[in-house]
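Good morning, and thank you for coming.

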Amino acid sequence: MSARGDRSEYLCIGCPLGCRLEVEEDATGGVEVRGNSCKRGLEFARQEHSDPRRMVATTVRVEGGRWARLPVRTREAVPKAEVLALCRALHALTLTAPVAMGTVVLTDALGTGVDVVASRDMPRLA
Amino acid sequence: MISARPLQLRSSYDVLVVGAGPAGMAAALGAREAGAERVLMVDREPETGGILNQCIHNGFGLHHFKEELSGPEYAQRFLEQVLERDVDVLTDAYVLDIDGDRRTALMSPEHGVREVAARAVVLAMGARERTRGAVRIPGQRPAGVMTAGFAQKLVNQAGYLPGRRVVVLGSGDIGLIMARRLVLEGAEVLGVFEILPHVNGLSRNVVQCLQDFDIPLHLSTTVTRIHGRERVERVSVAPVDEAFRPLPERGWEVPCDTLLLSIGLIPENELSRRLRLRLDPVTTGPVVTSGMETSRDGVFACGNVVHIHDLVDYVTEESLLAGRSAGAFALGTPAAADNVRLVPGENVHSCVPHTITTDREHVVYLRVSRSLKPCTLRLGDVYERPLRYVVPGETVTLKVRPRFLEAFHGDTLRVEVVPREEGTA
């Protein structure tokens with residue numbers, strides 16, 4: 001580690017400007033953010049540096065519905081490191097139509113405290 | 001759970017809307033809002049929602065609903081409103097033809113071929129994806145070459161994985177989003193190749209879809225040949241020079257079984273051409289007034305059929321307006337004609353609508369030809385506004401207020417996006 005502390009770079013996803021953010025940690029654990037052009041960039045850099053999170057949208061197998069897959073999404077962002085494992089857990093499920101939008105298909109996914117919900121109605125195919 | 005009611009198809013309507021995607025649904029609501037009683041919305045798919053149904057990712061509705069929704073959620077909210085407002089919805093149906101008197105021939109398994117008369121028509125057919133033929137990639141013609149949007153439908157609705165080892169050509173948002181989707185579904189994405197020196201999609205998608213999954217992005221690089229007899233076996237890729245000519249001596253080969261194309265959208269204007277509407281050679285969509293009326297009386301257009309939008313929220317706003325105008329026309333109270341023509345000037349690739357009035361507020365959507373930062377957006381010599389940046393991939397919106405035009409007595413205004421002059425803040 002250099003005397004200047006740890007430096008990390010992120011590309012801001014707040015808007016299409018795509019600012020290059022630089023986060024530097026000093027010896028006392030404080031962080032300094034550079035390169036942001038607005039407050040949202042500052043917040044994003046801090047969150048991304050300490051605990052990066054993502055919303056997850058994927059599909060779950062559904063039987064008897066209009067389509068073979070039901071779109072689902074997390075209600076809130078989950079830790080980035082859990083994204084692939086969460087998708088794998090969802091792939092193990094098979095639901096039966098009809099399913100209403102907002103139905104919880106996985107509670108407290110992987111212990112993150114976040115529920116995964118159906119993101120549309122899936123009517124039963126007549 | 002919501003579902004459309006069985007439909008007694010009438011022989012005449014106040015407003016007929018072709019297409020039940022985000023544009024069609026908002027237009028139908030706009031028409032009802034304006035007082036049109038009998039509104040019919042027709043779509044060839046088995047359900048309403050259009051492309052939104054397969055766009056399962058988040059990020060829709062931040063402007064319109066002030067919250068972040070998935071595509072299917074956005075579509076479902078609109079369908080709920082459409083059904084609440086007693087709009088007739090006819091799915092699994094195809095509009096064959098519309099004539100100059102707005103008599104429409106449509107076909108469905110349930111109703112056969114039927115003629116329906118309408119006082120006003122709204123065209124909301126959306127867009128199609130550009131295919132391999134549009135960029136003429138040399139090589140063999142094996143299975144495994146498809147557009148990113150088609151792959152999206154296969155994965156998200158039909159439940160098929162299009163391949164295991166995937167290369168993406170083009171960095172449009174659908175391509176970036178599909179790169180992530182395929183990784184989440186267990187495929188390997190070997191790289192995204194973009195002929196331009198910059199990404200076409202939103203930078204947030206570069207971070208969330210590529211960087212998060214360590215998918216390589218190759219700018220100024222393109223696919224130069226497709227190899228494989230039955231199925232794609234590999235593609236040749238090469239960097240390009242400033243004139244976009246590939247440099248094969250610096251190229252390499254990527255073994256893969258699938259090539260996804262994310263190389264742009266084309267407004268779907270077969271019906272517009274049958275109606276002999278005036279089309280804008282740049283957008284390829286109809287020329288429209290500030291009320292989204294085309295060159296033919298009583299025929300309106302909105303959404304991607306007019307110009308390609310980067311946010312569905314903009315489609316919704318524009319289509320509500322088109323629907324309100326169509327409703328007013330159907331009731332015999334059309335808005336006064338426009339009196340000012342908008343002309344794309346320096347660094348403005350296209351602007352919609354093509355004409356405006358001096359007495360109302362208008363929202364004008366612009367696309368620029370090249371990136372600039374910082375710069376000035378200028379409307380004739382009556383108005384200017386500083387912009388932090390512009391990029392070709394992102395729409396610039398310009399609100400034209402009547403007070404800008406109080407002292408304006410001409411009939412043409414040039415719209416420009418120019419570098420900010422030296423010495424100004």
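Predicted model: local features only at pLDDT ≥ 70, side-chain atom pairs only at ≥ 80, totals over all residues.

Residues are numbered from 1 along each chain as its sequence is written, while chains are lettered from A and ligands numbered from 1 in the order in which they are written.

Helices (H or I, at least four residues) and strands (E, at least two) are DSSP runs, numbered from the N terminus. The axes of H5(B), residues 173–184, and H6(B), residues 203–210, come within 8 Å and cross at roughly 15°. Axes are lines fitted to C-alpha atoms, for helices over the stretch in contact, and angles run from 0 to 180 degrees between N-to-C directions. On the H5(B) side the contact includes Leu176(B) and Ile177(B), and on the H6(B) side Val206(B) and Leu210(B) are among the residues; two residues are in contact if their C-beta atoms, placed from the backbone, lie within 7 Å. By class, this contact of H5(B) with H6(B) has six nonpolar, one polar and two charged residues. Here Ala, Val, Leu, Ile, Met, Phe, Trp, Tyr, Cys and Pro count as nonpolar, Asp, Glu, Lys and Arg as charged, and the others, Gly among them, as polar.

At what angle do H1(B) and H8(B) pack? H1(B), residues 22–33, and H8(B), residues 312–330, meet at about 40°, with their axes 6 Å apart. That makes H1(B) oblique to H8(B). Among the residues of this contact are Ala26(B) and Gly30(B) of H1(B), and Ser319(B) and Gly323(B) of H8(B). The contact of H1(B) with H8(B) divides into 13 nonpolar, five polar and two charged residues.

Let us turn to the whole chain. Chain B has eight helices and 27 strands, and its C-alpha trace spans about 65 × 65 × 40 Å along the principal axes.

Finally, we come to the neighbouring chain. In total, 28 residues of chain B are in contact with 26 residues of chain A. H6(B) supplies the largest share of the side of chain B that touches chain A, namely five residues. That side divides into twelve nonpolar, ten polar and six charged residues.

Notes. Parallel < 35°, antiparallel > 145°, perpendicular 65-115°, else oblique.
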